[in-house]
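This briefing is meant for someone meeting the structure for the first time.

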Amino acid sequence: MKNIILILIIALIPFSCSAQADSKSEKEKQEMKPSKNEDGEWDLTVIDTQFDYFLSAIAKPMNQYSEAALKSRNTLLVNEWNSYYNFGRYRNVIESSIDYDPREKYGLQFEYKLYQVFAYVNWKYGLRMNGLSGSDVFRR
């Protein structure tokens with residue numbers, strides 16, 4: 001299971017993992033940083049066939065969200081995720097922090113996919129995150 005989520009997290013393109021110069025181990029220094037694609041737009045690609053299934057068959061469609069609502073949720077979820085990472089919780093799922101700037105205009109598609117990554121982790125691994133909307137929480 002650990003290898004699968006590592007692929008999911010590293011495959012969050014345009015994120016890339018980089019190390020910071022401090023005394024933490026290499027694994028603890030990983031951070032996902034968003035970047036723009038060749039077209040100058042924020043993009044997010046998750047390489048996991050189950051994520052594609054999740055988006056098409058389980059996740060609520062993008063038109064049921066507003067960009068502002070997703071940005072608000074993602075801000076909470078990234079903070080929650082990074083808190084779990086910093087305190088070493090859920091190490092079998094969370095293997096890096098996320099660098100996310102809530103002042104940046106990422107666009108609806110990016111915000112939607114990022115939000116769905118959190119919903120997907122809840123659906124697949126049962127990791128409950130407080131920032132998820134009640135209708136996006138999947139009970140195990």
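Isoleucine 58 belongs to helix α2, in a model that is predicted.

**Isoleucine 58 and its surroundings**

- Leaving aside residues up to four places away in sequence, isoleucine 58 touches Tyr53, Trp123 and Phe138.

**Helix α2 against helix α4**

- Helix α2 covers residues 49-58, and its axis comes within 10 Å of the axis of α4, the two crossing at roughly 100 degrees.
- Because angles of 65 to 115 degrees count as roughly perpendicular, α2 and α4 are described as roughly perpendicular to each other.
- On the α2 side the contact is made by Gln50, Phe51, Tyr53, Phe54, Leu55 and Ile58, and on the α4 side by Tyr112, Lys113, Gln116, Val117, Ala119, Tyr120, Trp123 and Lys124.
- Sorted by class, the residues in this contact of α2 with α4 comprise 10 nonpolar, two polar and two charged ones.

**Helix α3 against helix α4**

- Helix α3 (residues 67-86) also packs with helix α4 (residues 108-125), at an angle of about 45 degrees and with the axes 9 Å apart.
- That angle makes α3 oblique to α4, and the crossing of these two helices is left-handed.
- From α3, the residues Glu67, Leu70, Lys71, Arg73, Asn74, Leu77, Val78 and Trp81 take part, and they meet Leu108, Glu111, Tyr112, Leu114, Tyr115, Phe118 and Val121 of α4.
- By class, the contact of α3 with α4 consists of 10 nonpolar residues, one polar residue and four charged residues.

**Two tyrosines to look at**

- Tyrosine 85 sits in helix α3 and counts as buried, because its relative accessibility of 7% is under the 20% limit.
- Between tyrosine 85 and isoleucine 98 there are 13 positions of sequence separation, and their C-alpha atoms are 9.3 Å apart in space.
- Tyrosine 90 is found in the loop that runs between α3 and β3 (97-98), and at 32% relative accessibility it counts as partly exposed.
- Most residues other than glycine have a negative phi. Tyrosine 90, although it is not a glycine, has a positive phi of about 55 degrees.

**The chain as a whole**

- The protein chain contains four helices and three strands, which follow one another along the sequence in the pattern α-β-β-α-α-β-α.
- Of its 140 residues, 43% count as buried.
- Among the contacts in the protein chain with a separation of 6 or more, 68% are between residues 24 or more positions apart.
- The accessible surface of the protein chain comes to about 7600 Å², and carbon and sulfur atoms account for 50% of that surface.

Definitions and conventions
Residues are numbered from 1 along each chain as its sequence is written. This is a predicted model: local features need pLDDT of at least 70, side-chain atom pairs count only at pLDDT 80 or more; totals for chains, interfaces and linings use all residues. Side-chain values use heavy atoms; hydrogens and water are left out. Axes are lines fitted to C-alpha atoms, for helices over the stretch in contact, and angles run from 0 to 180 degrees between N-to-C directions. Angles under 35 degrees count as roughly parallel, over 145 as roughly antiparallel, 65 to 115 as roughly perpendicular and the rest as oblique. A crossing is left-handed if the near helix is turned anticlockwise from the far one by less than a right angle, and right-handed if clockwise. Contact means heavy atoms within 4.5 Å. Ala, Val, Leu, Ile, Met, Phe, Trp, Tyr, Cys and Pro count as nonpolar, Asp, Glu, Lys and Arg as charged, and the others, Gly among them, as polar. Buried means under 20% relative accessible area, exposed over 50%, partly exposed in between (1.4 Å probe, protein chains only). Accessible areas come from the Shrake-Rupley method with a 1.4 Å probe; for residues, only the protein chains shown count as cover.
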